[in-house]
Amino acid sequence: MNQTLKKLGKEELYSLLLELSSLNKENADFLRLKLEKNPEDAIAYYKKKLRNILWNERINLREARKVISDFKRISKQPEHLLELMTFYVEIGVKIGEKYGDMYESFYSSMESMFEQIVKILNDNEKLIPEFKSRLDSIIERSCEGWGHKDTLEDIYEELRTGGKQ
């Protein structure tokens, strides 16, 4: 396929991209955001998608996590991914504050995302100061139900600070 694409002219490529983007919304979103010059616009777009999925009568955690997966294909910058992942968990905290005790799989999803955040930060220690206060706030505001807060604290202990554990 790569060789075939290389043989196409500019107009043919343009037509192909237009046709691809018209096939489904995800393709159109991907192309629009991949071509975007400002990554903050893409982050804002995906945050809005997350907010709409999670602040819904029926929370769809699988769909929300797919939004983050889709974003990974657009940006390879760890700080962009961390922004979106942290936002996901922050929304989870707000949902808990508003509605009280949630169900176990909800907390498990938040905890696994929090764990991924810590792993990425440990691999990119220079980003820790940028996200540390937000992680502190997540733990501070998280509920006690299902051992959620304790689990977040245990995960947080794995975060390196300046190379020290």
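Predicted model: local features only at pLDDT ≥ 70, side-chain atom pairs only at ≥ 80, totals over all residues.
**Negative patch.** Six acidic residues, Glu115, Asp150, Glu153, Asp154, Glu157 and Glu158, gather on the surface as a patch of negative charge. The element that gives the most to this patch is helix H9, spanning residues 148–156, with three residues. Glutamate 158 belongs to the segment that follows H9. Its relative accessibility is 47%, so glutamate 158 counts as partly exposed, since that class lies between the buried limit of 20% and the exposed limit of 50%.

Leucine 5 sits in helix H1, which covers residues 2–7. With a relative accessible area of 32%, leucine 5 is also placed in the partly exposed class.

**Buried position.** Threonine 86 is part of helix H6, residues 78–99. Its relative accessible area is 0%, and threonine 86 is therefore buried. Apart from neighbours within four places in sequence, threonine 86 is in contact with Ile117, Phe131, Arg134 and Ile138.

| Residue | Relative accessible area | Class |
|---|---|---|
| Glutamate 158 | 47% | partly exposed |
| Leucine 5 | 32% | partly exposed |
| Threonine 86 | 0% | buried |

Notes: Residues numbered from 1 in each chain as written. Heavy atoms only, no water. Patch = residues over 30% accessible without salt bridge, like charges linked within 9 Å, V, L, I, M, F, W, Y side chains within 5 Å. Areas by Shrake-Rupley, 256 points an atom, 1.4 Å probe, with all protein chains shown as cover. Salt bridge = Lys/Arg side-chain N within 4 Å of Asp/Glu carboxyl O. Lys, Arg positive; Asp, Glu negative; His and termini not counted. Charge placed at Lys NZ, Arg CZ, Asp CG, Glu CD. Helix = DSSP H or I, 4+ residues; strand = E, 2+ residues; numbered from the N terminus. Buried < 20%, exposed > 50% of the residue type's maximum accessible area, 1.4 Å probe, protein only. Contact = heavy atoms within 4.5 Å.
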